[in-house]
Structure formats: structure tokens, C-alpha cells
Amino acid sequence: MGLQRREFLSLVGLGALGTVVLSACGKPGGGARVKGPTIGVLQMVDAPPPNNTRKGFEAALAAAGYIPGQSVNFIQKDAAGELANTTLVMKQFVGDGVDMILAVGTPPLQAAMKVAPQTTPVIFCYCSNPWGAGAGTPPGAVGQHRPNVVGTIGTNPVDKELDLARQIDPDLKTVGLIYNPGEPNSEYEAKVLKREAAKRDITVVEQSVANSGEVLQAAQVLAQKKVDAFVKIGDYATIQGFGSIAKVGLEKKIPVYSVDADDIKMPGCLATVGWSYFDDGYAAGKLAVRVLKGESPATMAFEPLTKTEMLLNRATAAAIGVTLPEDLLKQAKEVVG
């Protein structure tokens, strides 16, 4: 996946020289297209969770016969973590005459609903709070959402994350949370986490950040406050800066828990529990196939994710002096290290 800097600057002019957008496949505005629908795909950042979600979407379309370069065209972009870029890219998609938009995440969904005409189907995934984005009202049944918008609901299972942390450490009383309150998903999931923590008599010690560059210092501050563990929610700043949290956790022997499965590979991450992002994208892809075959999104309901996966890191446990319960080891989908 290469940086299409020149292409992006042609969109925004000379006022955003430090910003780039990635383009993976498809050539907007003039590239040769095969006979078949053109789908504009936008994700917020180039990172494993949204990437795996997108791959699931592509796999579902391929299983239904929509093969890139043969029977479907993908124009894939990422907003480089900048909210302003989501609107710019959506305007480009509309100018390119895409037949469908895939919004991977809440900011792309918001931009799609702001820019795309009501005649363009918008499929969303990797989204915790479509209600907050203005896509509809809970639970998103038929008649409870925008007529051209449908997708999957993936509010991270932060309740299970807290239960996992408490099961590993029965004396757990405080957890450190780093997040960007300016992100719609993050703000929503932080509220859910605090509500679930209160039910379990766990105190959430917050440290807000504006971007991934502030994560390391935030983790260090929380470590100084002697939190019992770090927990991660759906947040773009900590997706990009998770290595800093894991590093501090390893150095200070503080357990680090995440909702993103790919984080388990990082030394310092003790355990993860969350959705399969590939499955999330695959479910969204199946919705997209129905639309491509003639169904209207207005006649379809939002689909909540239900299946979680737990992964454990034995090497991290040994490094920070934590004993993983045998029953958890048996329940885990995978134990690394």
C-alpha cells in the first residue's frame, strides 16, 4: 500500500502539506474500470483492526462472485487519522460516481452521511456507536435508520475486558484508561466502560490524549498513579500508540488488556478479548451483497456483533509476574509466547 501524496494534494490544495491519504486499489477519476459496481472504501487509519475488517468485507464480496479487477472496482482510501480528510475523500467518491460506500469506522460513516446523496447505499462496520453518528435509533431495526444506511454494530465488549482483568487479579480495584475524548467512538466506549466498572466497584483513572504522540506520556502518568491495570477501548490514538502502553506496562509490571486481537503479539500485552474484525467486515460484506443484488438498505436491520474471542500472552505474564488461571488458558482461543 503506497502513499498517494500527489493525488491527495490535488484534492486539498497546498493547505495540508503534512497530510496524506493512502490509496490501495482503483484509480479515482479516470482509471480503467471493469464492468461491475464501484465501491468507495474509507477507513480512518492504516492499522490492523480496520484493515482486517476491510479484508473481511472483501472476502464476503469475493465469495458472492464480486472479484476485484473482474466484476467489482474498489477505490480504497484511509484518512491518515485526520477527521477533515474523511469529508474530502467522500466528496471525491461522490465525484467519481461510486455505486456504494463502505465506511470502516464512525468518522467515515459520519462523512458519508454528510456528503453522499440519499441514493448512494452506505454500508458501515467497525463502528461502536452508529446512533451517535446519526445513522438511526437503537436497535436500528427496519424503519429506525436512514434509508440508505445499514451495517454492523461493534461496541467493544469492555464488560468482558473488565471481567477478564478481575479474573486474573481478584483484587483489581483501579484501571487506567487512555483515550481521545474528541473521537465519537472513544467518548461513547469510555462512558460504557465507566458504567460497567462502577457495577464492579472498579475505579477508572482517565488520561485524555489528542493524538497517538501523547500516549506514552499518558501511560507514564497513569503508572505513577499506581493503577492496577491498563485497559484499552476502541480509540484511534491508542490503536496507533498501543506500543507505548505495552512498553510502560512491561517496564512497570502492570497488566495491559486490549479489545484488539492483534495487540496480543505486542510484548507487554497480557490479554485481549473482543470481536473478530474479519468477521465484522464479513458480516458487513454480506449486507453489501444483498444491496448489490437489489435489496434496499431501508428494508434491512443493523446487525450487532455477538461472538468474542480471548487471547492470552504467556510470555508477558511471566515477564510481569502474573499467573494465568488454568481455566482461562483452556478457554482462550490462542495462547502466545
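Let's start at helix α4, where T106, P107, P108, L109, A111, A112 and M113 are buried. Keep in mind that this is a predicted model. Buried here means under 20% relative accessible area.

Now zoom in on L109. Setting aside neighbours within four places in sequence, L109 is in contact with A103, V122, F124, C127, P130, A133, A135 and V149. L109 also belongs to the largest nonpolar core, a group of 48 residues in which I39, F57, L109 and I123 touch the most other members. Helix α10 (residues 277-292) supplies the largest share of this core, with 6 residues. There's a second, separate core too: 31 residues, among them L164, I202, Y257 and V322.

Next, look for the sheet. Seven strands make up an open sheet with mixed pairing, and the order is β9-β8-β10-β11-β12-β14-β15. At the edges you'll find β9 (203-208) and β15 (334-336), each with a single partner strand, so one side of each has no neighbour in the sheet. From one strand to the next, the twist averages 20 degrees.

At the β9 end, β8 (residues 174-179) pairs with β9 in the parallel sense over 6 bridges. One link to pick out is I178, whose bridge partner in β9 is Q207. Helix α7 (residues 215-224) lies across β8, β9 and β10 (229-231), running at about 165 degrees to β8. Helix α9 (residues 242-252) packs on the sheet as well, touching β8, β10 and β11 (256-258), and its direction makes about 150 degrees with that of β11.

Notes:
Residues are numbered from 1 along each chain as its sequence is written. This is a predicted model: local features need pLDDT of at least 70, side-chain atom pairs count only at pLDDT 80 or more; totals for chains, interfaces and linings use all residues. Side-chain values use heavy atoms; hydrogens and water are left out. Buried means under 20% relative accessible area, exposed over 50%, partly exposed in between (1.4 Å probe, protein chains only). Helices (H or I, at least four residues) and strands (E, at least two) are DSSP runs, numbered from the N terminus. A nonpolar core is a set of buried Ala, Val, Leu, Ile, Met, Phe, Trp, Tyr and Cys residues joined through side-chain atoms within 4.5 Å. Contact means heavy atoms within 4.5 Å. Two strands pair if DSSP finds at least two bridges between them. Axes are lines fitted to C-alpha atoms, for helices over the stretch in contact, and angles run from 0 to 180 degrees between N-to-C directions.
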